[in-house]
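Subject: Structure for your files

Hello,

Here is the structure I said I would send. My notes on it follow below.

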Amino acid sequence: MSLTRHLSRGRDLARTAGDHASDMFAPVTVIGRGLRSHADWAKARWAATPKERRGPTIFLTAAMLLGIALLPHGPLFALVALMASAAWVGRAPKAPPAPQVDTADLKLAALYAALTPYLGGFDDAAPLYGLDGQYKTAFDSWKFDDEGRLAALELRYPPYFTDTEPAARARIEQVVQGKAGRAREYLFDWDEESNRLRVSALAPLAIDIVAQPFVTAPGEIVLGFTDGRGSRRTIPVDQGGVTSQQPPVVWRTGARAAEPHLLALGAPGYGTSTLLRSIALQALPHGDLVVIDGAGTGEHACLVNRPGVHTVETSLHGALAALEWAAQETERRLAALNAARHHGVAAPADVTRPLWLLLDHPTELSELANAEGRQDPQELLEVPLRHGRAARVTVVIADDLEARDRISPSVRATTRARVVLGPATPEVAQEALGVPLDIAPAAQTAPGRGYARLGAATPVRLQVPVTVDPLDDETQARHRDAVIALLPHRDTRTEAPAPTVRLSKEAAAVRPDPVW
């Protein structure tokens, strides 16, 4: 046997013998530890006893020991009692459990420290926010969800904080969202009268609602869906094969609409073209469409040669011709409506039928027209935008957020219904919607996710229904089939031609011929 194996075997035998010895002498160790504890206690009591009482203490102790010695089996009982007491005192105490770190204390303390530079008054004698302060002095209530994330918070801020300035509010909202988590949206409710800020995390919106017939009245367009705060109305929708009630964002159009035209701005790839397709599918059963695809990507090719679609233009020449016809058609409708009111007769059907002008990325056509020295297509929209409500003409414009400066002032002034899709900074959202946004957007948002503001109303969250391009082979089959089912179809073998509308003499005299 080699020396290495001898050493290894010796180490194993020594380790085993040590384990057995420790098990064997464990009671002796416990009793010894207990006796040492008793001795330490006796020394401490003797040191704490005053000198004038030490004599009587020794006398009483000796008398007690003498009494125990004179009792039958007294010394034996005393020894057993001493050993039992030593074993009890000398047992190994359980280690106290490590204190668990309170997540709420850590997160709220970090949030308090982050707010101190913005809300702390260093000249204040008793500041709410200070370097040595505690968060409980400024935070009134808070709530965390099951995952340990901040779900609600109510805090107080000093009266000298400029809570009426959007920039100051934006700084506080950015700090709160950064410490609470940027993966969710947060609603900020500023109570300026009592100097309080209430923060609540918002649940994500449903993203699995596809294009489908919505239960709405004529002239109502469902832009998307929101939460209970944004709409008190609910409609039934097919959501993943199950019918559920969802609150919609309804845009009302027509002659009595307060916001007859819509401007949608969004980041690339976040659903502005999807929103146009959704509006087109809802408008086709009750009106006619003119579609201008300024980007020329073919996003709206599925509408070509459909009943009710006058034209789908992608070139500058075709767009100018279509918009020029739309301006003339608006004037013709106004003249026909005025003539019908003057003679006290009903207006012709082709005048009262809504006409929709859908423009996707018109600023690209404006740049092309400027380069070629031709008329800006946005200039041709002034007549439909100014008189569209009376003439039953609705204009919907979708473009990129980066192109908002290239949109003409007349377009921005007359499109009071606004939609912003995709991630946007507070400054960009305020410029696009017209008012500061009291909701902090999440860092990452799904396509079709954004905010809508109709007229002077408060901005609400928005999720556009999934309305894919059916000609795109990369889309899911069920999404593509849902859009195809909504597209109007006409079989010339079974459907009769549309009836010819007879116009009055006054209306026929002012009706221009189409330019294409």
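Q177 counts as buried because its relative accessibility is 6%. Please keep in mind that the model is predicted. Q177 is found in helix α6. Leaving out residues up to four places away in sequence, Q177 touches R182, R184 and Y186, and also A440, P441 and A442.

Helix α6 also takes part in a helix pair. Helix α5 covers residues 103–119 and helix α6 covers residues 166–180; the two pack at an angle of about 165°, with their axes 10 Å apart. Angles over 145 degrees count as roughly antiparallel, so α5 is roughly antiparallel to α6. The crossing of the two helices is right-handed. On the α5 side, the contact is made by A110, L111, A114, L115, Y118 and L119. On the α6 side, R171, I172, V175, V176 and K179 make the contact. Sorted by class, the contact has nine nonpolar residues, two charged residues and no polar ones.

As for α5 on its own, its 17 residues should span 24 Å at 1.5 Å a residue, and the end C-alpha atoms are 23 Å apart, which agrees. The buried residues of α5 are A104, L108, L111, Y112, A114, L115, T116 and L119. The elements that cover these buried residues include strands β1 (139–144) and β2 (150–156), as well as α6.

- L355 lies in strand β12, residues 355–360. With a relative accessible area of 1%, L355 is buried. The C-alpha atom of L355 is 7.7 Å from that of V290, and the two residues are 65 residues apart along the chain. Not counting residues up to four places away in sequence, L355 touches D288, V290, H310, W325, E329, R333, R392, V393 and T394.

- L316 is in helix α8, residues 316–343. L316 counts as buried, at 6% relative accessibility. L316 and S366 are 50 residues apart along the chain, and their C-alpha atoms are separated by 8.7 Å. Setting aside neighbours within four places in sequence, the contacts of L316 are L365, L368, A369, E372, R374 and P377.

Regards

Definitions and conventions: Residues numbered from 1 in each chain as written. Predicted model: local features only at pLDDT ≥ 70, side-chain atom pairs only at ≥ 80, totals over all residues. Heavy atoms only, no water. Axes fitted to C-alpha atoms, helices over the stretch in contact; angles between N-to-C directions. Helix = DSSP H or I, 4+ residues; strand = E, 2+ residues; numbered from the N terminus. Parallel < 35°, antiparallel > 145°, perpendicular 65-115°, else oblique. Left-handed = near helix turned anticlockwise from the far one by under 90°. Contact = heavy atoms within 4.5 Å. Nonpolar A, V, L, I, M, F, W, Y, C, P; charged D, E, K, R; others polar. Buried < 20%, exposed > 50% of the residue type's maximum accessible area, 1.4 Å probe, protein only. Expected span 1.5 Å × (residues − 1).
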